[in-house]
Amino acid sequence: MAEGPTILVIGPRWVGDMVMAQCLFAALKEKHPHAAIDVLAPAWAAPLVKRMPEIRSQIDFPLMPGALEVRSRRRFGRLLRGRYDMAYVLPGSWKSALIPFFARIPHRVGNLREMRYGLLTDVVPLPEALKRRTARAYFGLARGGTFRAPRLTVDKANQADLLARFGLSGEKFVALMPGAEFGPAKRWPSDHYAGLARDMMAKGLGVALLGSKNDADVTAEIAALAPGAIDLAGKTRLEDAIDLIAAAKLAVSNDSGLMHVAAAVGTPIVAVYGSTSPENTPPLSERSELIWLHLSCSPCHKKVCPLGHLNCLKTLDVARVTAAADRLLEIPAAA
């Protein structure tokens, strides 16, 4: 077998962005079939990266988010010297390009972003139209190959154990993911999610509420308003969430990381947008419904509504999302 290049990817720090980064990984594997691709990313990303067959290994990123720590980056970069032929820098910050530079990786690729002349050897132009279209922007760094939607592998044994443990029946439940790490301007209100949960249970479907421990207050509120919904926020690992979403008949989510996970495991997805736009970060799936009110103040891309009313989400009624869910579930509309 011919030996391919060794490639280091400086990965993003959000779940959704890491899923979308697979568009780049697949293109690199197409161009370099025998390449060994490693991803430098936070420890939380390891279970996600393991579900990507293009990746050889994940290397824990040694620093806290936002930390400059040039000396630490220099030390870490020196540890990597001689190991890689190429590096791809996905984050746009100046500091994110330091480790490949200190590692003396000969070919360092990325968008210019924070004036990274010298740190990168190959600056790939980023058209204005792609600045918020993350999947396409990442793919563009490959300079070739075929654009493919992310596809995560599923651990069927772990999936079966989870379904049994939580009393869920495969493909007879809906996964609701009401959280959004970015901020409240991405979160459809809890009472709306509860209304949707009640609608789904009235149709004979189970409802599982998924998210991290940071979403537990939101899911607890929904569970209290929708008795019978199973609250799993903070009770599952990331790899468990992947396998449970893959088992669901339908997923409903805000514009969040788990939305992209749902698309990447082939589960039909209803995606609710508020401060962001489905034109920029849609779930890369043919079986999706994108719900957005197109208000004059949206998308603002803010974490908190700058106008204080959050109309882009509060006025998005339950009936509209239920109708989208019914279409994907192929449930006939009520007469």
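The model is predicted, so local features need pLDDT of at least 70, side-chain atom pairs count only at pLDDT 80 or more, and totals for chains, interfaces and linings use all residues. Residues are numbered from 1 along each chain as its sequence is written, and side-chain values use heavy atoms, with hydrogens and water left out.

Start with the open sheet of 6 strands, ordered β9-β8-β7-β10-β11-β12 with parallel pairing. Strands are DSSP runs (E, at least two residues) numbered from the N terminus, and two of them pair if DSSP finds at least two bridges between them. Select 230-231 (β9) and 288-291 (β12): these are the edges, each with a single partner strand, so one side of each has no neighbour in the sheet. Next, show 173-177 (β7) and 206-209 (β8), which pair in the parallel sense over 4 bridges. Leu 176 has Leu 209 in β8 as its bridge partner.

Now pick Cys 297 and Cys 312. The whole structure has 0 disulfides. Cys 312 is buried at 9% relative accessible area, while Cys 297 is partly exposed at 30% (buried is under 20%, exposed over 50%, partly exposed in between, with a 1.4 Å probe and protein chains only).

Finish at the second largest pocket, whose lining includes Glu 171, Lys 249, Arg 287 and Glu 330.

Definitions and conventions:
1 Å grid on protein atoms, 1.4 Å probe; cavity = no way out; pocket = protein on both sides within 12 Å on 5 of 7 lines; lining within 4 Å. Disulfide = S-S within 2.5 Å.
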